[in-house]
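The sequence and model come first.

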Amino acid sequence: MPSAASVLGLRVSLLQSGMGGVAGSELACAVSNAGAAGCVGGYKLAGSALSAILARLVSGTDRPVGVNLIPEVVGPDELDRQVAQVLDETPHRVHLSFFGMPDDAVFDRVTAAGRQLVVQVGSVPDGVHAADRGAVVVAQGIEAGGHLLGTQRRDDLVGALRALLPDACLVASGGIGSPEEAARALAAGADGVLLGTAFVVAHQARAHARFKSAVTAADQADTVISDVYEIGWPGRRHRVLATAVTADPSLPAKFIGKTVVEGKPYLVPRFSAAVPTDATSGRIEEMALYCGQSCGEITEEAPAADIVAAFARVLPGPETVKSNERPEHHVH
Ligand SMILES: Cc1cc2nc3c(=O)[nH]c(=O)nc-3n(C[C@H](O)[C@H](O)[C@H](O)COP(=O)(O)O)c2cc1C
């Protein structure tokens, strides 16, 4: 079980989730510069909009950093174009991170390019498949904020995967808001942790100010699993802060705000899957406020480097890797 730090070339086995809209290059670079793995949310970005964020990412850090893509949102053809663009426009230290399983051809293409691959899964079969194809496996439990890949609790899934995959690099995700909770995930068998909600409140995150303050004020009973925020990403349940919209999905589907993504203006319909960012205006409190059960332990906004430092004290670094556990032995 190699530490995530040794596989990805980090100082600490901590991954920041690439969160569409929230995790731009400022957050990703700040996290990577602090020694963890930052990641930008690629989500639906393509062409010049994706190029712009990749250029800022590469110029903002010379440390390992990631780009997150979501196969089921864009479909196989658009995913192929996004992957090709990331491989063409970034150096080797930039890894690819996927939410959910891509096709086997995508695994092959990324590993053939010599890039590290991180895949977030919610089930044992997907975790085994991703590990067999050389990925760092992120095991997401139902405590997680955002879209949910499975139905198991984090440490049950981590433990089940560890039993089957003694040598894989396994990262736990979902409900981790404190170093103590991170230590519990390590005890369940993880080699590192991935945090989403904890970085929503980072100073460098692009979450709307009212979204950040709602997260710091919330405890885990304020989150619900719902399927109402489906415009743009249908058919998957998500954990969000309870809102008037989760309470009453029969509200009319009309526009409730405006936003700007990489310079282009968009209207935001009620039930949109898009999170409110610092470029969004309108009825923020009715929008998709993705939030994990981790929020109970997240009580203040902070610079990204402080968040990394707080977790670093319980997480493995690369020095904990023994000589017979070098990363190349785990890339198939
Ligand atoms: C605001 C927000 C947006 C998210 N967007 C993405 C995304 O675009 N891609 C992705 O892989 N995961 C995304 N996630 C899910 C995370 O990868 C991860 O599963 C989750 O944050 C872990 O639980 P935690 O929030 O309690 O740390 C998002 C999570 C949040 C809170």
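## Salt bridges, a sheet and a domain interface

Arg133 is partly exposed, with a relative accessible area of 24%; buried means under 20% relative accessible area, exposed over 50% and partly exposed in between, with a 1.4 Å probe and protein chains only. The model is predicted, so local features need pLDDT of at least 70 and side-chain atom pairs count only at pLDDT 80 or more, while totals for chains, interfaces and linings use all residues. Residues are numbered from 1 along each chain as its sequence is written, and side-chain values use heavy atoms, with hydrogens and water left out.

Arg133 forms a salt bridge with Asp108 (2.5 Å, N to O); the term requires a side-chain nitrogen of Lys or Arg within 4 Å of a carboxyl oxygen of Asp or Glu. Asp108 lies in helix H5 and Arg133 in the loop between helix H6 (124–132) and strand S6 (136–140), so the bridge ties together parts that are 25 residues apart in sequence. Helices (H or I, at least four residues) and strands (E, at least two) are DSSP runs, numbered from the N terminus. Asp108 is partly exposed, at 39%.

The structure holds 16 salt bridges. Four of them are listed here.

| Pair | N to O distance |
|---|---|
| Asp108 and Arg133 | 2.5 Å |
| Arg109 and Asp80 | 3.8 Å |
| Asp155 and Arg154 | 2.7 Å |
| Arg236 and Glu72 | 2.6 Å |

In the salt bridge of Arg109 with Asp80, the closest N and O atoms are 3.8 Å apart. Arg109 is in helix H5 (residues 104–112) and Asp80 in helix H4 (residues 71–89), so parts 29 residues apart in sequence are tied together. Arg109 is partly exposed at 35% relative accessibility, and Asp80 is partly exposed with a relative accessible area of 35%.

Asp155 and Arg154 are joined by a salt bridge. Salt bridges that share partners link Arg154, Asp155, Glu181 and Arg184 into one network. Arg154 is buried, at 2% relative accessibility, whereas Asp155 is partly exposed at 25%.

An open sheet of three strands has the order S13-S12-S14 with antiparallel pairing; two strands pair if DSSP finds at least two bridges between them. Strand S13 (264–269) and strand S14 (281–282) are the edge strands, each pairing on one side only. Strand S12 (residues 255–261) pairs with S14 over two bridges, and Gly257 has Gly282 in S14 as its bridge partner.

Arg270 sits in the loop between S13 and S14 and is buried, at 5% relative accessibility. A polar atom of the Arg270 side chain lies 2.7 Å from the backbone oxygen of Pro252. Leaving aside residues up to four places away in sequence, Arg270 touches several residues, including Ile231, Val245, Ile256 and Glu286.

The protein is divided into domain 1 (4–204 + 299–321) and domain 2 (209–294), with bounds from an automatic or database domain assignment. Their centres, taken over C-alpha atoms, are 22 Å apart. In domain 1, 36 residues are in contact with 22 residues of domain 2, contact meaning heavy atoms within 4.5 Å. About 2,300 Å² is buried between the domains, 58% of it from carbon and sulfur atoms; buried area is the accessible area (1.4 Å probe) that two parts lose on being put together, summed over both. In domain 1, His147, Leu148 and Thr197 lose the most area to domain 2, together 26% of what that side buries. Across this interface the rule finds two salt bridges.

Technical notes:
Polar contact = N/O pair within 3.5 Å; in protein donor to acceptor, adjacent residues only side chain to side chain.
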